[in-house]
Amino acid sequence: MPSKKQKNTPKKQSITSVPQEEDEQVQQHLADYQQTAAALQSSNTTHEAEAALTPLTNLSESAQIVLLQALSREKTVEAADVLLAMNTFAPLKEVRKEARRSLIRLETARLYPQWTPPATPSPVVQEEVTTSTGPSRFWKGQFTDTRAVGEMQLLLFWEQGENYKEVRTAGFLLDFFHAGVKDFFTEIGNKRQVEKRIENMQAQFSSIALVDCSLADGKQLVEEALEVNQQHGTKPHPDYTRNLPLIRSLLLDAPDDGYKLEQSSLESPQELRFDEARNLLDQLMTLELGPEETVAGFLDTWLRGDYEAAYTALAKESPLREGLSNEEWVARRLAWAEQAHPTEGKSEIAFRHDDDDDDDLTDEEDDDDVEIAIPSALETEITDTVPEVEAFWSLVLTDTEAGSGLKELPQATAVYKPTGRHWFWTKYTLVREGNEWRILTMLDAGAQALTLPIEELQLQMAEIVAFAAEQLSLVEAMSAGDGLDDDDEDDELEDTELEDVDDVDDDEDDDDDDDLTDLKFEELAEHFEEMMWVTTRAMHYTDALIVQTPEDVFLYETGYDQATGVQENERAALYAEMQAERFPAQRGEALRRLAMAQLSIARTYEENNDEEHSAHFVAETEKTLRTSVAIDNAPMGNILLAETLIAQKKQLDEAEQLLQQVLTLPDIDPKESTLAESGLGHIAQDQEDYEQALQHYLRASELSPDLPGIWFNIGLMQRQLGQLEEAEASHLRSIDEDPTETGSYIDLSGIYTDGGDLEAAEEVLEEGIEINPEAAELLAAMALVYINKGDLRHAKEYLDDAEDIDEKLDIVQAVHGYYDEARQVQQQRPQKQKGKSRKFKKK
């Protein structure tokens, strides 16, 4: 069963308020916008127009967005003039997008700007491609060697930003037969992201050659495609036209770099056979978005509030368009968003075709599905097989009373009021328009589930449980090394392949082993994905059953277990909260479940640098646990309350008393004793009583040797006490138990650095980075090793990578300071430079 799951987390949240000081500035500029409009009307050059906007563009990004939202409510031509100017000249992309949205709001009230921007607004482009370190500079370019089939992909890259760490990508799809510039996109990322994207593209389309090209080559190819547009009377893609000032600045009007490939290099060899060309074209077509990517893109843009882009993902005859133009459709969504304040959208996509095997779980359910209506105008145009994409997604709505009326916004099966998160389940059918998939219809599968009979819901749940058990068995069998497949034919094929491997040299043996390992991992990941998918579906059925049989306590416990299994902490909190409210006899245990979910929510906010919400949920966790302890004084309630106090670094005496009380209880569960000893170890560690902390951690390890993080904590305390050999052994065991525990690699490298063995320090960090390539703390620690070696060039490379991932991390900032010091010393006394040994102690 082909399935695919994707997460789409919005990059920006809707901004509706700013701090008081900034709000005062916003209100002042709002009062003065008529003068700003007058200054724009009198401007004759782009420089004068930009000068008129300077007081506005000097505000913070969030303040600018709040100001623009306020201007859209002024309902005057002058407000429209200012919005048009901000849309044209504002340096920040999000501000320009908000200005465009605000203009659309005014247009729905028949208010249009009367001011016309001065010609050739090049300063906007210069603002965008120029930084404090100078203008953008061309980095490299590549194109697909597919000209023989009439189309090619062209990717051009420019370095920009501070120390040229950012990369702007411009991507063109060029059609040399008719469409000319067929598509275009541009985006900004760091070099690591761009290089990974190129590597993935090369791996995915290995049979299509990627040719390096210069800026002049790229310019030549684009100009040739534009000539095709002129010859056939076709227009370049709207995204190309919209970004034309930027494209001119970077490419079309840029100075020639003096180097061009031979003409034959820009064209595919004439002797390329037709069947080869056809094969290349087929592969090139796979670069287009598939049905699941189309739905993922629609939800991603819609959840981010980019309704213009979301509209383009809908088929022309889609009922979801409601017969509205793009601007009318967008205006309605913007009006709704102003009231509901949607934020923090998340989605998971599961793709399947309607002709899946009969024994698939999806087909067993389809017999009872409500048929998705196809517009009659399209019935004759749709092929026999119409892809259906299933989506599970959620959204935080600040105003939960806001009316919707939006056809694409389904009925929520569950709502967690403390955060305002709503959960939805939808299914989409897609059709081809030209060479692209577009969404035709949507079925509210969640609302349908809420109306199913209890017997049918229970049947669906039973089938899901059986399917999940089957997947779990496959995962366990594969993890135990029982092979890649269950079919005997596949096993025989694998045996034959392994016999053939014996006949080749050692290098090929290694390659085949790697391929088999990768294949096994991919299949294992697919089974996990399917388990996550069906578990998410099961939660919607659980919601429906709770609505119809709220007296069944088993449903709340099942929902909680399902939600924690897929790490949906807010949903887990919802189920526990409902159980605590509706079943007084189980209130204490339900509150403890709620507290664990609340603490997980707090940690998520902390990871996203949202300290305010994190602190709120930690406080809610403490309140919940105190209520739980007052009800039944259970050992686990005391342990969790103590851990919450320790996390807040407050009332440690009370926390210690709670844990000691647990250890004095008769017949205590070993798990509870372990957690109590570990908690006492944390308290002693915070009080810098390392000997006492070590004793508690060691007792915890005796009770539960596989307790997560216990060997790291033991190694940390042993190093503090100078027991270096023991500390090394503990950290190595920690890595063996959990290779993702980055702290052990870092502390182990510190032990080796202290002993003067920088090579061993480098080696252990290399091992950690190989397993955890996106761990900024490991990259920063490696930079520190190179600083100690005196190799600042390599140190800077690792430090840049760490900062690209998380520049606010304590260890990253500390190592940056060490690098600056070493750099300064090297510049002052390069002939006597010696790397000073620096150590970063992980707390």
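The charged end of R147 sits over the ring of F176, 3.9 Å from its centre; a charge counts as over a ring if NZ of Lys or CZ of Arg is within 6 Å of the ring centre and within 35 degrees of the ring normal. R321 does likewise with Y311, its charged end lying over that ring at 4.1 Å from the centre. Do keep in mind that this is a predicted model, where local features need pLDDT of at least 70, side-chain atom pairs count only at pLDDT 80 or more, and totals for chains, interfaces and linings use all residues. Residues are numbered from 1 along each chain as its sequence is written, and side-chain values use heavy atoms, with hydrogens and water left out.

**Aromatic pairs**
- The structure holds 16 aromatic pairs (rings of Phe, Tyr and Trp, the last by its six-membered ring, with centres within 6.5 Å; planes under 30 degrees apart are stacked, over 60 edge-to-face, the rest tilted).
- F184 and Y240 pair edge-to-face, at 6.3 Å centre to centre and 90 degrees between the planes.
- This pair links distant parts of the chain, 56 residues apart: F184 is in strand β6 (residues 180-190) and Y240 in helix α10 (residues 238-242).
- Helices (H or I, at least four residues) and strands (E, at least two) are DSSP runs, numbered from the N terminus.

**Aromatic cluster**
- W302, Y307, W336, W393 and F424 form one aromatic cluster.

**Around T536**
- T536 belongs to helix α21 (residues 506-548).
- T536 counts as buried because its relative accessibility is 7% (buried is under 20% relative accessible area, exposed over 50%, partly exposed in between, with a 1.4 Å probe and protein chains only).
- Leaving out residues up to four places away in sequence, T536 touches E348, F392 and V566 (contact means heavy atoms within 4.5 Å).
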